[in-house]
Amino acid sequence: MRIRLFTTCLGDLFAQEAVVSTARILRRFGHEIELPEQTCCGQPAYNSGFQEDAKPFIQHFLEHFRGADAVVAPSGSCVAMLRHGLLQFFGADPEAQRLAGVTYELSQFLLDVEGLMAPKGHYEARAIYHESCHLSHWLHQGDRAKELLGGIEGLELLSFREPQLCCGFGGTFAVHFPELSLAMADEKLMDIEAPAPDLLIASDQGCLLQLGGRLAAKDERKPQPMHLSVLLDRAGVGK
Amino acid sequence: MATEELAGRVAAAVANRGLHEAVARSVDRHSYAAIAALTPDVRRVYKARARAARLRSVRDLASLAEQFIREAERRRIVVHTAADGVEAVGIVLEIARQHGARRIVKSKSMATEEVELNRQLATAGMQVLETDLGEYIVQLAGQRPSHIVAPCLHMARDEIAGLFSREAGREIAKDTPSLTAFARERLREEFRQADLGISGGNFLVASEGAVVLVTNEGNGRMCTTLPKVHVALVGVEKLVADFADMTDALRILPVAATGQLITSYVSIVRGPAGAGEEGPQEVHVVLMDSGRSEILGGPYEEVLACIRCGACLDICPVYRQTGGHAYGSVYSGPIGAVLTPLLSSESEAQALPFLSSLCGACTDVCPVGIHLHEHLVALRARAAARGIAFPAEAGAFRALRRLWTPGRRYRLVRGLMRGALRLGGGAPQLRAWTKGRLLPPVAPRHVADLLIAEGLIEEGR
C-alpha cells in the first residue's frame with residue numbers, strides 16, 4: 001500500500017521519534033511511505049470556536065493527500081479532526097469522503113487494516129497504558145490499542161484504575177483553565193499505583209506532553225512518557 | 001468577559017480539594033453501579049430503543065402537547081401553558097394565591113430550579129419546603145443543587161450533620177440512619193400541614209393525560225397526594241406519546257442515574273381524586289416551553305431527548321474536579337454546558353461550552369445517545385461568532401491560519417517558534433501552559449529530514 005504519512009505538528013515539533021517509529025513500522029509491513037507537504041490539522045482553531053480558521057488546514061490536507069491509498073498519523077486526535085473536517089467542509093467532494101474513510105491513527109491501521117493480533121516483539125519494561133480520549137471515544141476504538149502490546153515479551157502491562165479518565169490536555173482547554181487542567185493531570189498520575197512503572201504509553205502526543213510535562217515539572221523520573229509507536233518500534237514489531 | 005468569570009469560578013472550585021474528594025467519591029459510586037447494572041449488549045439495546053422513542057416524541061412535540069391537553073382536561077386536570085419562565089412562575093403564584101396557600105411542599109424538579117420558583121414563592125410570603133432529601137439539605141444550606149440527580153453530592157457528611165443539628169436545635173449524629181430519621185420526622189409533619197404540593201415531572205404521557213414522577217424516596221407521591229392542590233411544572237420536552245414509548249426511557253433512566261434496575265417509586269398522576277377517593281381536589285399542569293421549541297428542528301434538536309439522568313456529569317473528568325456550582329448555571333456538567341446556552345441568551349451562558357476537555361466520555365455514556373461533545377464544539381463556534389471567546393484568541397488563530405497554510409510557511413514558522421521558546425518567550429497562551437508543565441524543546445529540523453536521512457521516504461518536500 002502507498003501510505004501517506006501525516007506527521008502532526010506536535011509530532012514534528014516535540015516528538016519526532018514517534019513519527020520516525022511510525023514510518024519504520026509501516027515499512028516493515030511492506031508499505032511505501034510518502035510524505036506530502038505537512039501542516040496542522042486545524043483542531044486548535046476548530047475546537048476553540050474558530051471553524052473558519054480551521055478550514056484552510058483541512059483544505060491543505062485534502063489537496064496534498066488526495067488519492068492516497070491510506071493516510072496514517074501517530075495521533076487519534078488529529079485523525080478525528082481530519083475525518084470530521086473533511087466531511088463537514090468538503091463533504092460534497094467524493095474524494096474528501098473517500099479520504100476521510102482511509103485516514104487512520106497508527107494502532108487503528110495496524111489492527112483494522114493490517115489485521116494484526118498481538119504481534120510478536122521483545123521489550124523489557126513495566127509500562128502503563130493511557131487510553132487517549134479521542135482515539136477511545138471519538139474514533140470509538142476504546143482500549144483496543146492494548147491488543148498490540150499483548151505479544152511483546154518482557155513487557156509488563158499495567159492499567160489505570162480509571163482508564164477512561166481524561167489527562168486534562170484538551171488543546172486550548174489547558175490554557176483556558178490551567179489550574180483545572182493541572183488538577184486533571186495530577187488525578188490521572190495519582191491513579192498510577194506505586195512502584196511507578198518505567199513507561200507511560202499513549203497514542204497521542206497531546207496526552208504525553210500533558211502528563212510527561214507534569215511529571216517533569218515535579219522532577220519525577222518515572223514513568224517516562226513514550227508514544228505507542230516508539231514502544232512497538234523498539235520491541236521490533238513487524239521485524 | 002463571560003469566559004474570564006467562568007475561568008475564575010473554575011479556579012476557585014479547583015482550589016477546594018475537599019470539594020473534589022466529595023464529588024469524585026459520589027460520581028464514581030454512580031458510575032460503577034451503572035456499569036455493573038447491565039451487560040454492554042443489553043445496554044446497547046436499551047439505548048437504541050430509548051433514543052428512538054425519545055426522538056420520536058421530540059419530533060412530534062406540538063401534536064403531543066395538543067393531545068396531552070385534551071386527555072388531561074378530560075380527566076379534570078387543569079392544564080396551563082407557559083411560554084417562558086416568567087409566565088410559568090406567574091401561573092403557579094396565581095394558583096397558590098387562589099387557594100390562600102401558606103405552606104408548600106415540593107418534590108425535586110429541575111424545571112422549577114430553572115425559573116427560580118422557590119425564591120419567588122418566598123417573596124410572595126409563602127413557605128416552601130423541599131422534600132427530596134438532597135434538595136432539603138441544599139435548601140437548608142441556602143445553596144442550589146449541584147447535580148441533576150443528587151443535589152447535595154458536593155457536601156461532606158459532617159456538613160450535613162451540622163446543618164441538621166442547627167435546624168433541630170440539638171446534636172444530630174452523622175450516620176445515615178440518624179440523618180434520615182431527622183429528615184423524615186421533620187418532613188412528615190410538613191406533608192400533613194401543607195396546603196399545596198408542587199412537583200416536576202419525568203414524563204408527560206399524551207395518550208393518558210398523565211404526569212409520571214420517578215423518585216427514590218416516595219416524597220414525590222406524598223407531595224402529589226396529601227395536599228389538597230397539586231401543581232406540576234414540567235418542560236414541554238417531557239412529553240411522550242404513550243406508556244409504551246415511555247417504558248424504554250423509564251427503564252434506562254434509573255440505570256444510568258444510579259445503577260438501579262428500577263427506581264423505588266414510579267408515580268402516575270391521572271387527575272384529582274374522585275368522589276369518595278382520597279387525594280388532591282385539584283391538579284394543575286403547567287406546560288413550560290421556555291426556549292424548548294426554539295431548539296426544535298435545528299442542529300441541537302436531540303438535546304431535547306435528555307432524560308436528566310446525570311450520567312454525563314458522573315463520567316465527566318471536569319465535573320468531578322469542579323462540582324456543579326462552578327458552572328454557575330442550573331444545569332451543570334456536559335448536558336448543562338450544552339443546554340444552558342440553548343435555553344438562555346445571556347453571554348454568561350454562552351461561555352459554558354468551553355468548560356470541557358472534549359474527551360467525549362459523555363457522548364459514550366449518554367443513555368439516549370446525545371452527541372454531547374459535538375454539540376459543545378458547535379456551540380463554541382456559535383459563541384465565538386457572537387464575540388464570546390477567550391481574549392486574543394480570534395487574532396491568534398487568524399494569524400496561525402495565515403502562517404501555517406500553505407504548509408511551506410510552516411517550516412519557516414517552526415524555526416521562529418523554536419527560537420522564541422528557547423529564549424523563554426512566546427505567546428501568553430504558552431506561558432499559561434508552561435506554568436506547572438515543562439515543554440520539551442522544539443526539534444531543530446523538520447521531521448522530513450530525519451525520514452529522508454533514514455531512507456524511509458523517497459524524498460521530502
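1. Chain B contains an open sheet of four strands in the order β8-β5-β6-β9, with mixed pairing. Strands here are DSSP runs of E of at least two residues, helices are runs of H or I of at least four residues, and both are numbered from the N terminus; two strands pair if DSSP finds at least two bridges between them. The edge strands of chain B, β8 (239–240) and β9 (265–269), each pair on one side only.

2. The model is predicted: local features need pLDDT of at least 70 and side-chain atom pairs count only at pLDDT 80 or more, whereas totals for chains, interfaces and linings use all residues. Residues are numbered from 1 along each chain as its sequence is written, and chains are lettered from A and ligands numbered from 1 in the order in which they are written.

3. Within the sheet, β5 (residues 203–205) of chain B is joined to β8(B) by two bridges in the parallel sense. Leu204(B) has Leu239(B) of β8(B) as its bridge partner. Helix α12 (residues 243–258) of chain B packs on this sheet and touches β5, β6 (210–215), β8 and β9 of chain B. The direction of α12(B) makes about 165° with that of β5(B), where axes are lines fitted to C-alpha atoms, for helices over the stretch in contact, and angles run from 0 to 180 degrees between N-to-C directions.

4. The largest nonpolar core has 227 residues; such a core is a set of buried Ala, Val, Leu, Ile, Met, Phe, Trp, Tyr and Cys residues joined through C-beta atoms within 7 Å. A residue is buried if 20 or more other C-beta atoms, placed from the backbone, lie within 10 Å of its own. Among the members that touch the most others are Ile201(A), Val92(B) and Leu233(B). Helix α12(B) gives the most to this core, with eight residues.

5. Leaving aside neighbours within four places in sequence, the contacts of Leu233(B) include Val92(B), Ile198(B), Val286(B) and Met288(B). Two residues are in contact if their C-beta atoms, placed from the backbone, lie within 7 Å.

6. Chain B has 23 helices and ten strands, and 50% of its 461 residues count as buried. Its C-alpha atoms fill a box of roughly 95 × 55 × 45 Å along the principal axes. Of the contacts in chain B between residues at least 6 apart in sequence, 74% join residues at least 24 apart.

7. At the interface, 54 residues of chain A are in contact with 57 residues of chain B.

Notes. A residue is buried if 20 or more other C-beta atoms lie within 10 Å of its own, exposed if 12 or fewer, and partly exposed in between; C-beta atoms are placed from the backbone.
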